[in-house]
Amino acid sequence: MTERERPSGRALVVRLDSAGDVLLAGPAVRAVAARRAHVTLLTSPLGEAAARLLPGVDEVMVWSAPWVLADPPPVRPEAVAGLVDALAAGRFDDALVLTSFHQSPLPAALLLRLAGVARIAAISVDYPGSLLDVRHRVDEDIPEPERGLSLAAAAGFPLPPDDDGRLAVRRPLPPTAHLTGDGPYVVVHPGAAAPARQWPPERCAQAVTELTARGWRAVVTGGPSERELTALVAGRDGVDLGGRTDMPGLAGVLAGAAAVVVGNTGPAHLAAAVGTPVVSLFSPVVPPARWAPYGVPAVLLGDQLAPCRDTRARVCPVPGHPCLAEVTAAEVADAVEKLATYTHDGSDPR
């Protein structure tokens with residue numbers, strides 16, 4: 001690379017929601033990083049750990065946006081002023097505001113404008129006035145990583161030719177054999193950020209029993225607040241790792257698995273980012289075309305035409321949670337075996 005081609009300038013990428021959303025922003029972040037010397041990612045406390053795993057991120061800023069989070073903080077002038085001051089100190093040449101289809105980028109763009117960010121780009125259905133320099137439009141039924149890449153390209157940050165555009169995390173990952181034990185295993189992750197996206201715990205426990213009966217070791221993962229859930233699901237047959245991994249450690253556990261059984265929640269995207277096949281228990285409250293595991297072999301289970309479809313509900317609005325409750329442990333184990341066949345002979349399980 002010549003001196004003229006060497007990246008210069010400072011860029012900000014904004015993704016203010018959760019860990020999975022941040023992981024899906026990874027390809028767009030790398031596109032920006034290929035053309036800027038320094039990239040800062042502004043995210044929420046929920047997205048911070050994932051942000052620190054992304055290649056191309058030099059610095060992470062954390063702020064709780066009252067217009068994004070499901071449990072929003074109150075609007076406090078001093079908090080807003082503090083963020084504007086911090087952004088102004090960053091002296092950013094460019095900013096990409098990454099949002100989902102149902103979110104507006106304009107509150108963030110207003111704060112960036114007040115902070116003196118020179119050039120701001122976002123996808124916006126709403127009229128942006130003077131808040132955006134690049135107002136991009138995109139087909140809404142595309143995968144979330146491609147949505148972000150489309151905005152990056154429109155803002156002058158095309159993905160480099162040697163980048164395949166898949167999700168990725170920083171390597172090396174921490175060793176995890178002391179947690180998982182030796183030999184092949186399947187991860188079962190029973191939790192989800194929203195109850196509507198969670199396979200019922202009793203079904204998860206049945207899956208652990210079924211996988212064990214078929215000769216698989218089942219490793220059950222979850223956060224510190226999910227220890228009771230992971231203990232229930234692991235039972236006597238599974239390896240219970242509830243509360244025993246941070247984000248890099250969980251990435252390491254997922255990377256070593258033959259497949260991951262998980263709902264449409266952050267660890268599904270973390271599995272994709274480490275290249276592990278996913279059995280996706282996908283609740284249709286959001287569209288799979290946008291949010292299914294990206295760039296890895298996956299088997300999608302769950303009734304995608306259920307009455308909860310496209311409601312974005314956090315708690316299932318249909319008695320009995322039929323979209324996922326009707327998926328059986330045997331179906332999940334069959335899907336795991338299809339994915340294992342794929343990883344061994346390259347055939348497509350779908």
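## The largest pocket

In this predicted model, 43 residues line the largest pocket, and those nearest its centre are Ser18, Ala19, Leu46, Ala193 and Thr265. A pocket is an open set of points on a 1 Å grid over the protein atoms alone, where a 1.4 Å probe fits, with protein on both sides within 12 Å along at least five of seven lines; lining residues have an atom within 4 Å of a point. The space in the largest pocket is about 1,400 Å³, a volume being the space filled by probe spheres set on the points.

The lining comprises 19 nonpolar, 16 polar and eight charged residues. Ala, Val, Leu, Ile, Met, Phe, Trp, Tyr, Cys and Pro count as nonpolar, Asp, Glu, Lys and Arg as charged, and the others, Gly among them, as polar. At least two lining residues come from each of helix H1 (19-24), helix H10 (247-255) and helix H11 (266-273).

## Helices H8 and H9

Helix H8 (residues 201-213) packs against helix H9 (residues 227-234) at an angle of about 45 degrees, and their axes are 7 Å apart. In the contact (heavy atoms within 4.5 Å), Pro201, Cys204, Ala205 and Val208 of H8 meet Leu229, Leu232, Val233 and Ala234 of H9. Eight nonpolar residues make up this contact, with no polar and no charged ones.

## Dimensions and basis

Along the principal axes, the C-alpha atoms of the chain fill a box of roughly 60 × 50 × 35 Å.

Residues are numbered from 1 along each chain as its sequence is written, and side-chain values use heavy atoms, without hydrogens and water. Local features need pLDDT of at least 70 and side-chain atom pairs count only at pLDDT 80 or more, while totals for chains, interfaces and linings use all residues.

Key
Helices (H or I, at least four residues) and strands (E, at least two) are DSSP runs, numbered from the N terminus. Axes are lines fitted to C-alpha atoms, for helices over the stretch in contact, and angles run from 0 to 180 degrees between N-to-C directions.
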